[in-house]
Amino acid sequence: MSQITVTGGKPLKGRVQLKGAKNLVTKAMVAALLGDSPSILKDVPQISDVEVVKNLLTLHGVKIEFGNDGVMHLDPTNVKSAHMVDIDAHAGSSRIPILFCGPLLHQLGEAFIPDLGGCHIGDRPIDFHLEVLRNFGAVIEKQPNGIRISAPEGLKGAKVSLPYPSVGATEQVLLAATRAEGITELSGAAIEPEIMDLIAILQKMGAIISVDTDRVIRIEGVPHLSGYTHRALFDRNEAASWAAAALATQGDIFCEGARQPEMMTFLNVFRKVGGAFEIHDDGIRFYHPGGELHPVVIETDVHPGFMTDWQQPLVVALTQAKGLSIIHETVYENRFGFTDALVQMGANIQIYRECLGGTPCRFGQRNFYHSAVISGPTPLKAAEIRVPDLRGGFSHMVAALAAEGTSLVTNVQLISRGYEHFLQKLTDLGADFTYTE
Ligand code: EPU
């Protein structure tokens, strides 16, 4: 278990380079499986989620070359079934394997998907995914260590309606429908920028997909897709994380590769809290302009709302705002576990079962602590913290960097699931820490 000893109180200042979004790149890699010729994906970050998907694709016969320049070559021309034990070795390491279903069914007629991993921020069921696949004609068999899926008569286009605009289930539909026979109409789709980028990739491969109004996506199935060449959309979650780190440590961070259009909702909130930013051609500069930070009321939501992945790092900055901030988490039912450590560090945060944002959400009256009230400013003091998950872990690091004194943060390897060269970036930003494996 790797750990960091951090001495806080030093503003983070400097530049960080963003690569492609974790939540797009991994799916783009899976999309390459659908092609009958090689694909080239650019700006691929070196993070462990990419490593997991790379290993799973390799097990299925995809030849992958991935250099330090962030360019990945994926050759799917010899796709084959993988041994169950080898696939099972990846159980619990990521949520992406569920997206292998459609491409493997098209290529091989069957798929075995191990038990999923990912952050523990709620139940994270896969019922929408399984229902979508059944709509396309897949047969699903639950097994002790995963699920076996087959499509004896091939996948057929279908009318699909999602009960909630799930990112993963929308991707499931896209990856299953592009080569299914006939037309698919998906209503209630997620429309996150990462999904739009996946659609752009599929279109490059030969797919016919239109995004209509009101969360409707129409896909006309085609029998073959070719490979693609694509530069991945930048990681807006990483940009928002460093922005919050700049604010919480009174710093100044230039996020190279960040773009305004995909970050507008975040930028509005950042400005309301009292942060400043400058939009440049090659990135966005986020900084603390001096003066007091202001409290805000936020409800996390699907795009174009305020992303759930942005709230954890921002909460740390809000502990320094003068007054009461409220965050109503409406995407995941259990995403405030990370606040315990912040309270231990001196933050004043209370979590509630009620929907405190103004709009009742599907978690109201269901015993989920999904609203938080943060009262500030409260100085943060050093503590011993164990990183619980990816975004919560990043926020703990930010809290330790903002706190007075020396903190011990353990389990930090979890952060490398989603943040490339995390320790190098901290060093470049002037953080005062030592790392032990
Ligand atoms: N849901 C169901 N059933 C399903 C699928 C989802 O009930 O079959 C529920 C979930 O439990 C959750 C909500 O629907 O309450 C939204 O989940 P969604 O499917 O949209 O999330 P996901 O695809 O599993 C991706 C990102 C998350 C990000 C969410 C929301 C990846 C690998 N993960 O998850 O990213 O928070 O979309 O934007 O793309 C992260 O990067 O730290 C992270 C957790």
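Start with the second largest pocket, about 330 Å³ in volume. A pocket here is an open set of points, on a 1 Å grid over the protein atoms alone, where a 1.4 Å probe fits, with protein on both sides within 12 Å along at least five of seven lines. Its volume is the space filled by probe spheres set on the points, which are joined across faces, edges and corners.

Before you click further: this is a predicted model, where local features need pLDDT of at least 70 and side-chain atom pairs count only at pLDDT 80 or more, while totals for chains, interfaces and linings use all residues. Residues are numbered from 1 along each chain as its sequence is written, and side-chain values use heavy atoms, with hydrogens and water left out.

Now select Leu247, Ala248, Gln250, Gln320 and Ala402: of the 21 lining residues (an atom within 4 Å of a point), these are the closest to the centre of the second largest pocket. Helices are DSSP runs of H or I, at least four residues, and strands are runs of E, at least two, numbered from the N terminus.

Next stop, the largest pocket, with about 1100 Å³ of space. Its lining has 44 residues, and Arg95, Arg124, Ser166, Gly168 and Tyr332 are the closest to its centre. Colour α1 (22-31), α5 (127-135), α6 (167-177), α10 (308-318) and α12 (390-402), the elements that each give two or more residues to this lining.

On to the sheets. Select β6, β8 and β7, in that order: they make an open three-stranded sheet with antiparallel pairing (strands pair if DSSP finds at least two bridges between them). The edges are β6 (110-114) and β7 (139-143), each pairing on one side only. Zoom in on β7 and β8 (146-150), joined by five bridges; Lys142 stands opposite Ile147 in β8.

Finally, pick out the open sheet of four strands, ordered β4-β5-β3-β13 with mixed pairing. Its edge strands are β4 (63-66) and β13 (229-231). Inside the sheet, β3 (39-42) and β5 (72-75) run antiparallel and share three bridges, and Leu41 has Met72 of β5 as its bridge partner. Last, show helix α2 (48-59), which lies across β4 and β5.

Definitions and conventions
Contact means heavy atoms within 4.5 Å. Axes are lines fitted to C-alpha atoms, for helices over the stretch in contact, and angles run from 0 to 180 degrees between N-to-C directions.
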